[in-house]
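Here is a short tour of the ligand site and the aromatic side chains of this protein. Have the sequence and the 3D view open as you read.

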Amino acid sequence: MRETELARDFNLTPVINVAGTMTYLGASIVVPEAIAAMQRILPEFVKMEELQRYASGVIAQLTGAEAGFITASSASAISMVVAGCLTKDNLLAVEKLPDDSLTRNEVLVQAGHLVSYGAPVEQAIRLTGAKCVSIGQATQCAPYHLENSINERTVAAVYVVSHHVVDHGQIPLSLFCQIAHARGVPVIVDAASEYDLQRFLREGADIVIYSGHKFLGGPTSGIVAGKKSLIRHAWLQNRGIARGMKVGKESICGAIAALQAWQTRDHHAVRERETNILRLWAEGLQDLPGIHVSLEADPTDNPLERCKITVYPDRARTTAWDLSQALSAGTLSVIVRDHMAEKGYFYLDPCNLHHGQEVTVLKRIIEELNAALSGDKPAITRFEDRLMQRQQAALLWPD
Ligand SMILES: *Cc1c(COP(=O)(O)O)cnc(C)c1O
């Protein structure tokens, strides 16, 4: 089995990922084209700005943007683009960040978009020294909130497209851009996890940010695309705060290759394979006591579905969070998408499976459910206790 070989060499727990593209699991399966590109560039020298200029051309062609470049991650891309809005092309200002004395330093974000992707969006903005101004309330931000929050100190507005954000009561992107542009404010879209490389620029974004290591299957990296002046100002941050966010030649080449491979990938065949996997899971689990299975479309319109597994504790004798924990704790760790576990369900995401792993996933779930059914007492932990356990476990590393 492929997942055991590496595990043996480094003494790791073999992992099957049905959670999605998660940083804490190593993001995604890197496509062969990106691996080859990284191998090819690693022993060579290049003029990095030439390599990034080439990347700009590829990014422009695929996104419809004027220019772009590759960053270390989406998180660093947010900081670099915001920093560029603070400094413009003033090289001394670049070196001075973060700078408390700036008079123009406000970045607007809808309250419902101030989420965490593993770290807070707000922090990526504040790292530059900018002030993050929350507008509206979590579940309602109206056009007037944006209109009246723009003032002479405003340098940018950030818009997050993600399953993490509040999914209602927010200003649609096109209207958000219209209002911001009428007052001369650029709009930065964090679309780290989104499949569509053109939509957000088309809807009016001045800059859009994608992760290279998510759906694209590239190495850990970020992709920024947009207006040439804003891209240039973001790029200049390599002489300042972005030094610590440096991207290597291998990641630039890997991300370019992943972008190009995305264009030629047989998306239809991928979808068909995923649909077959979802069907296998749904059929295999639907008759188990206390389990309800359904298929759910991606909440931000990416062309994919996930298998939603609802666990009814009175009949299953376990909970969504206990089942997730048991699957993860096995000697072969199956990691499910469980950020909604407190509501009694989790998801299985078929996007990051190697051939045949879907069968192992199904087998492990059935095993754990049978164990819960046949145990002396129900395998039920209070959600409050699970939450505290997870928090405490985070503090123990490296032990
Ligand atoms: C994953 C994600 C990020 C962070 O991306 P990295 O490239 O891992 O830094 C930022 N924003 C959103 C919406 C994300 O989903």
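Predicted model: local features only at pLDDT ≥ 70, side-chain atom pairs only at ≥ 80, totals over all residues.

Ser211 places a polar side-chain atom 2.7 Å from a ligand oxygen atom, and an N or O atom in the side chain of Lys214 is 2.8 Å from an oxygen atom of the ligand. A polar contact here is a pair of N or O atoms within 3.5 Å; within protein, one must be able to donate a hydrogen and the other to accept it, and residues adjacent in sequence count only if both atoms are side-chain atoms. The ligand taken alone exposes 380 Å², and the protein buries 92% of that (Shrake-Rupley method, 1.4 Å probe).

A word on the ground rules: residues are numbered from 1 along each chain as its sequence is written. Local features need pLDDT of at least 70, side-chain atom pairs count only at pLDDT 80 or more, totals for chains, interfaces and linings use all residues, and side-chain values use heavy atoms, with hydrogens and water left out.

## The shell around the ligand

There are 13 residues around the ligand (a heavy atom within 4 Å of it), and Ser74, Ala75, Asp190, Ser211 and Lys214 come nearest. The shell divides into 4 nonpolar, 7 polar and 2 charged residues, with Gly counted among the polar ones.

## An aromatic cluster

Ring pairs of Phe, Tyr and Trp (its six-membered ring) are those with centres within 6.5 Å; planes under 30 degrees apart are stacked, over 60 edge-to-face and the rest tilted. The count comes to 8 aromatic pairs. Tyr195 and Phe215 are stacked, because their ring centres are 5.1 Å apart and their planes are at 20°. This pair links distant parts of the chain, 20 residues apart: Tyr195 is in the loop between strand 6 (187–190) and helix 9 (199–202), and Phe215 is in the loop between strand 7 (207–211) and strand 8 (222–226). Helices (H or I, at least four residues) and strands (E, at least two) are DSSP runs, numbered from the N terminus.

Phe215 also pairs edge-to-face with Tyr210, with ring centres 6.4 Å apart and planes at 80°. Tyr195, Tyr210, Phe215 and Trp262 form one aromatic cluster. Buried means under 20% relative accessible area, exposed over 50%, partly exposed in between (1.4 Å probe, protein chains only). Tyr195 is buried at 19%, Phe215 at 9% and Tyr210 at 1%.
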